[in-house]
Amino acid sequence: LSARYTGPCLEGGYNCSVNFVCTQPVAMAALKPVELRGKSKAELLNQLKDLKTELATLRVAKVTGGAPNKLSKIKVVRLAIARVNTVISQTQKKQLREAFKDKKYLPTDLRAKKTRAIRRQLTPRQKALKTEKEARRLRYFPQRKYAVKA
C-alpha cells in the first residue's frame, strides 16, 4: 500500500524522467471483494488501518495543495475502505447465521426483512387450521361430486 517505489517520479508530471526512491504511497489497483474474503479478520483490520492512514495523508495533501493525482486518489481509497468494511460485516453476519442456524429464535437483524405486513401474516399451517365447528360441518356435509355429461 504505502510501499517504496523505485522508478520515474510519480509527482513530477508527464515529462518527469527522474529516477529515485519515492516515499509517497503507491497507487494500488482496486481491491476486489473476492480477494478480501480470503483474508482473516486481523488481516482485514490491518488493511483497514493502512487505508485510513493513507486517506488521512491524502486529505493533508489536499489541504496543503497537493498534486491532482493525489486528490483523485481520495475517492479510490474511500471506496477501498468501504469494500473492506462491507466484507468484514458480511463475514461477521455469515458466522452469526452459522451460530444461530439450529436455535429456536433468530436475532432480529438475521431474520428475513420482507415487509411488516408479510411478517405479521398467518403461516400456511395456521391458515389451514379449522375450528371444531367448521371441521364437524365439513365432516357431516362434504363437498358433493357431480358427473358432468359431455
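Predicted model: local features only at pLDDT ≥ 70, side-chain atom pairs only at ≥ 80, totals over all residues.
**Exercise 1. Which residues of H3 and of H2 are buried, and what do they pack against?**

Solution. Step 1: buried means under 20% relative accessible area, exposed over 50%, and partly exposed in between (1.4 Å probe, protein chains only).

Step 1: the buried residues of H3 are Lys 70, Lys 73, Ile 74, Val 77, Ala 80, Ile 81, Val 84, Val 87 and Ile 88. They pack against helix H1 (33-37) and helix H2 (41-63); contact means heavy atoms within 4.5 Å.

Step 2: in H2, Leu 44, Gln 47, Leu 48, Leu 51, Glu 54, Leu 55, Leu 58 and Ala 61 are buried. Their cover includes H1 and H3.

Step 3: an α-helix has 3.6 residues a turn, so residues three or four places apart point the same way.

**Exercise 2. Which residues of the largest nonpolar core touch the most other members, and which element gives the most to it?**

Solution. Step 1: a nonpolar core is a set of buried Ala, Val, Leu, Ile, Met, Phe, Trp, Tyr and Cys residues joined through side-chain atoms within 4.5 Å.

Step 1: the largest such core has 14 residues, of which Leu 31, Leu 36, Leu 44, Leu 51, Val 77, Ile 81 and Val 84 touch the most other members. Two or more residues come from each of H2 and H3, and H3 gives the most, with 7 residues.

Step 2: leaving aside residues up to four places away in sequence, Val 84 touches Leu 31, Leu 36, Leu 44, Leu 48 and Leu 51.

Step 3: Leu 55, in helix H2, has 8% relative accessibility and therefore counts as buried. With the neighbours up to four places away in sequence again not counted, Leu 55 touches Ile 74, Val 77, Arg 78 and Ile 81.

**Exercise 3. How many salt bridges does the structure hold, and which residues form them?**

Solution. Step 1: a salt bridge is a side-chain nitrogen of Lys or Arg within 4 Å of a carboxyl oxygen of Asp or Glu. The structure holds 2 salt bridges.

Step 1: Lys 73 pairs with Glu 54, their closest N and O atoms being 2.7 Å apart. Lys 73 lies in helix H3 and Glu 54 in helix H2, so the pair ties together parts that are 19 residues apart in sequence.

Step 2: Lys 73 counts as buried because its relative accessibility is 12%; for Glu 54, also buried, the value is 4%.

Step 3: Glu 98 forms a salt bridge with Lys 101, with 3.5 Å between the closest N and O atoms. Both Glu 98 and Lys 101 are exposed.

**Exercise 4. Where does Lys 114 lie, and is Lys 114 buried or exposed?**

Solution. Step 1: Lys 114 is in the loop between H3 and helix H4 (116-120).

Step 1: with a relative accessible area of 59%, Lys 114 is exposed.

Step 2: Lys 114 has a positive phi of about 50° although it is not a glycine. Most residues other than glycine have a negative phi.

Step 3: just after H2, Gly 65 takes a positive phi of about 80°.

Step 4: Asp 109 also lies in the loop between H3 and H4, and its 47% relative accessibility makes it partly exposed.

How values were computed. Residues numbered from 1 in each chain as written. Heavy atoms only, no water. Helix = DSSP H or I, 4+ residues; strand = E, 2+ residues; numbered from the N terminus.
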